[in-house]
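Let's take a walk through this protein together, one piece at a time. Keep the sequence and the 3D view open as you read.

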Amino acid sequence: MRNTHKIAGIAVGAVALAGLGTFGAVSATASPSSSQAAPAAAQAKGNVGGKDVTTSTHLSVDAATKAAEATLDAAEKDGQKVSVAVVDRNGNTIVTLRGDGAGPQSYESAEKKGYTAVSWNAPTSELVKRLDKAPTLKDIPGTLFLAGGAPVQAKGAPIAGIGVAGAPSGDLDEKFAQAGVAALDR
């Protein structure tokens, strides 16, 4: 299917080039007509259940926002300019807030710290200590092994991560991330 679309894309490009010398509109599509798509869609449907289906717990957008705002509030009380990111269990960003005056690098660093914390279900300050025994951990794409990330758990399982970056030390970043986690317990 993927190669067909690439070939169709090349054909569309060729039609467009050929059309440069003509007047009027030239149109092409790589999509099947609705009459062709209907039988394939009907065949693709299935009713899956039982042992083939799992459920998972996710942090809501409202909860992620509450945690991010509590994190920024804690940093502001300490006079720090930080960014905070809350990511879901899969590492996808739910909410990112860049505090007033936070450095440009802090946004991406906060996301990576949140991703790292949820991936290992541990504060990133603890994960930094593991680098002595496994230095290649830091080479895993998307991770950042610096203090400032905290996991969010439900029934002991990680459901989100909060990452903070921008304070003068990772310990402060992590203190603020923990304030975000604590806001979820209220």
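Just past helix H3, glycine 79 has a positive phi of about 75°. Before going on, a word on what you're looking at: this is a predicted model, in which local features need pLDDT of at least 70 and side-chain atom pairs count only at pLDDT 80 or more, while totals for chains, interfaces and linings use all residues. Residues are numbered from 1 along each chain as its sequence is written, and side-chain values use heavy atoms, with hydrogens and water left out.

Now back up into H3 itself, residues 61-77. Helices here are DSSP runs of H or I with at least four residues, strands are E runs of at least two, and both are numbered from the N terminus. How far apart are the end C-alpha atoms of H3? They sit 24 Å apart, which agrees with the 24 Å that its 17 residues should span at 1.5 Å a residue; that expected span is 1.5 Å times one less than the number of residues. Several H3 residues are buried, including Ala63, Ala67, Thr71 and Leu72. Buried means under 20% relative accessible area, exposed means over 50%, and partly exposed lies in between, using a 1.4 Å probe and protein chains only. The buried residues of H3 pack against S1, S2, S4 and helix H6 (170-184).

Next, have a look at S4, residues 157-165. Eight of its nine residues are buried, so S4 is largely enclosed by the rest of the structure. S4 pairs with strand S1 (residues 83-88) in the antiparallel sense over six bridges; strands pair if DSSP finds at least two bridges between them. The S3 and S4 hairpin has two residues between the strands, and lysine 155 takes a positive phi near 55°.

Finally, find threonine 96 in strand S2 (residues 93-98). Is threonine 96 buried or exposed? It counts as buried because its relative accessibility is 18%. Leaving aside neighbours within four places in sequence, threonine 96 is in contact (heavy atoms within 4.5 Å) with Val84, Ala85, Tyr107 and Glu111.

Stepping back, the protein has six helices and four strands, in the order α-α-α-β-β-α-α-β-β-α along the sequence. Buried residues make up 34% of its 186 residues.
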